[in-house]
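Open the structure in your viewer and keep the selection tool at hand. Each stop below says what to select and what to look for there.

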Amino acid sequence: MRTRALPTVTAAVVAATALIPLAPPARAAGPTHTAVPASAATTPGATSIRPAGLLPMRCRALTFPVALTAGGPVDQRISATLCLPPRGRARTLQLLIPGGTYGQAYWFLRGDPRRPSYVETMTAAGHAVLVVDRLGAGASSAPPFERYAPDTQSAVMTQLLQAVRRGDVIGRRFDKVVLVGHSFGSTLARTMAIRHPRWVDGLVLTGEASARVEIPWDEVIHSAADDQVLAGRDLDPAYYTTRPGARGTWFYERAGADPRVVRLDELTKQADVYTEEHPTPDQNAAIRVPVLIVVGQRDKLVCGPEGSDCASSASLYRQERRWYPNARLRVEVVGRTGHALNLHRTAPGWIGRTRTWLEHSMRAGCR
């Protein structure tokens with residue numbers, strides 16, 4: 001693992017909105033304020049404005065050397081940002097895993113510009129957070145498609161989780177490690193809890209449920225090599241991203257989102273590649289830690305007659321309960337919200353309730 005100072009995040013990333021505060025250069029001591037990783041700082045076409053202020057926290061960028069398969073050569077890297085509370089010693093670390101075509105920015109952006117983001121909320125509550133870019137996103141490696149194995153993403157996440165558990169992140173171990181995912185990131189979080197149950201103390205699964213909707217993916221994604229936002233990255237043609245404008249159509253409930261956030265989401269999208277095999281719902285019986293599932297009621301990828309019953313929190317709980325027989329399960333359906341839960345105006349409400357749930361679950365123990 002290598003540590004590097006966070007460079008100044010330029011006004012370009014703000015993209016005509018005050019949702020992302022600017023970051024001063026990292027210093028050797030004292031809190032470093034950062035809003036998004038440097039990988040998002042080169043977004044074209046944005047204008048400079050007066051940014052909003054961040055809640056205090058200490059952040060630094062990290063790089064983790066990883067192998068694409070268990071026992072393979074350690075010749076790739078994962079970029080991440082570690083944020084700590086402004087004071088005191090964090091006892092719980094949350095590992096935040098973005099969904100498909102998302103990177104670290106997803107966890108730093110404010111769905112409501114007047115209220116804290118996920119990272120701000122959790123660090124203010126005394127938690128440490130480690131936000132990662134999966135392969136193909138941000139400053140992480142983007143190896144050729146032929147080098148991927150069916151379990152590459154989970155193999156990489158296993159290595160990161162091992163580093164956290166060994167205490168490699170800040171030179172000491174955390175009492176509790178909670179995996180927090182969005183969409184495919186939630187799938188990876190579940191995979192870790194199934195395969196390595198002793199390493200995981202809790203799960204927050206957002207934008208995922210046991211039943212999904214088959215949407216017309218040809219209308220949603222295209223080759224990342226053809227996308228203007230990702231121009232110049234020289235990506236393998238197998239990497240994909242969302243088509244221009246598709247995020248607003250498929251990932252949002254427009255009535256519940258700030259149009260500036262939707263535009264900024266488009267400008268900070270990332271590349272991805274799909275090879276992973278999903279664990280089936282019946283495998284969730286191996287999970288024995290507290291699990292919180294959060295789904296937007298208008299999630300076009302999850303909810304509907306052919307997918308999950310998102311009519312209410314109670315109805316989705318009844319659907320999911322059978323698949324988590326050994327976990328302490330809580331389910332929340334968030335109204336006026338689509339797939340990109342963090343990026344809706346409703347985000348501060350469910351994020352705050354997640355913070356309360358986490359604090360209670362980690363104090364109560366879970367095994």
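## The whole chain

Of the 367 residues in the protein, 58% are buried. This is a predicted model. Colour by secondary structure and you will find 9 helices and 11 strands. Now think about contacts with a separation of 6 or more: 75% of them are between residues 24 or more positions apart.

## Stop 1: the aromatic cluster

Select Y102, Y106, W107, Y118, F251 and W350. Together they form one aromatic cluster. The count of aromatic pairs in the model comes to 7. Show the rings of Y106 and W107. They form an edge-to-face pair, with centres 5.2 Å apart and 90° between the planes. Are Y106 and W107 buried or exposed? Both Y106 and W107 are buried.

Why does W107 count as buried? Its relative accessible area is 0%, and the cut-off for buried is under 20%. Y118 is buried as well, because its relative accessible area is 1%.

## Stop 2: arginines over rings

R247 lies over the face of Y102, 4.1 Å from the ring centre.

Then move to F174 and R172. Here R172 sits over the face of F174, at 4.7 Å from the ring centre.

## Stop 3

Go on to K176, in strand 6 (residues 176-182). K176 counts as partly exposed, because its relative accessibility is 22%.

Which residues does K176 touch, leaving aside its neighbours within four places in sequence? Select R91, T92, L93, D201 and M362; K176 is in contact with these. Look closely at T92. K176 and T92 are 84 residues apart along the chain, yet their C-alpha atoms are separated by 4.7 Å.

## Stop 4: two crossing helices

Two packed helices are described by the angle between their axes and the distance between the axes. Select helix 3 (residues 152-166) and helix 4 (residues 184-195). Their axes come within 10 Å and cross at roughly 65°. The crossing of helix 3 and helix 4 is right-handed.

Now show the side chains at the contact. From helix 3, take Q153, S154, M157, T158 and L161. From helix 4, take F184, L188, T191, M192 and R195. By class, this contact has 5 nonpolar, 4 polar and 1 charged residues.

## Stop 5: helix 7

Select helix 7 (residues 259-267). Which of its residues are buried? They are V261, V262, L264, D265 and E266. Bring up helix 6 (246-250) alongside. The buried residues of helix 7 pack against helix 6.

An α-helix has 3.6 residues a turn, so residues three or four places apart point the same way. Keep that in mind as you turn the view. Within the buried set, compare V261, L264 and D265.

## Stop 6

Most residues other than glycine have a negative phi. The next two selections have a positive one.

Select D234. Its phi is positive, about 55°, although D234 is not a glycine. D234 is in the loop between strand 8 (221-223) and strand 9 (240-242). D234 is exposed, because its relative accessible area is 79%.

Select R336. R336 is not a glycine either, and its phi is positive at about 55°. Find R336 in the loop between strand 11 and helix 9 (347-364). R336 counts as exposed, because its relative accessibility is 57%.

## Stop 7: R322

Where is R322? Look in the loop between helix 8 (313-321) and strand 11 (329-334). R322 is exposed, because its relative accessible area is 60%.

R322 and N284 are 38 residues apart in sequence. From C-alpha to C-alpha, R322 and N284 are 9.5 Å apart in space.

Definitions and conventions:
Residues numbered from 1 in each chain as written. Predicted model: local features only at pLDDT ≥ 70, side-chain atom pairs only at ≥ 80, totals over all residues. Heavy atoms only, no water. Axes fitted to C-alpha atoms, helices over the stretch in contact; angles between N-to-C directions. Helix = DSSP H or I, 4+ residues; strand = E, 2+ residues; numbered from the N terminus. Left-handed = near helix turned anticlockwise from the far one by under 90°. Contact = heavy atoms within 4.5 Å. Nonpolar A, V, L, I, M, F, W, Y, C, P; charged D, E, K, R; others polar. Phe/Tyr/Trp six-rings, centres within 6.5 Å; stacked < 30°, edge-to-face > 60°. Buried < 20%, exposed > 50% of the residue type's maximum accessible area, 1.4 Å probe, protein only. Lys NZ or Arg CZ within 6 Å of the ring centre and 35° of its normal.
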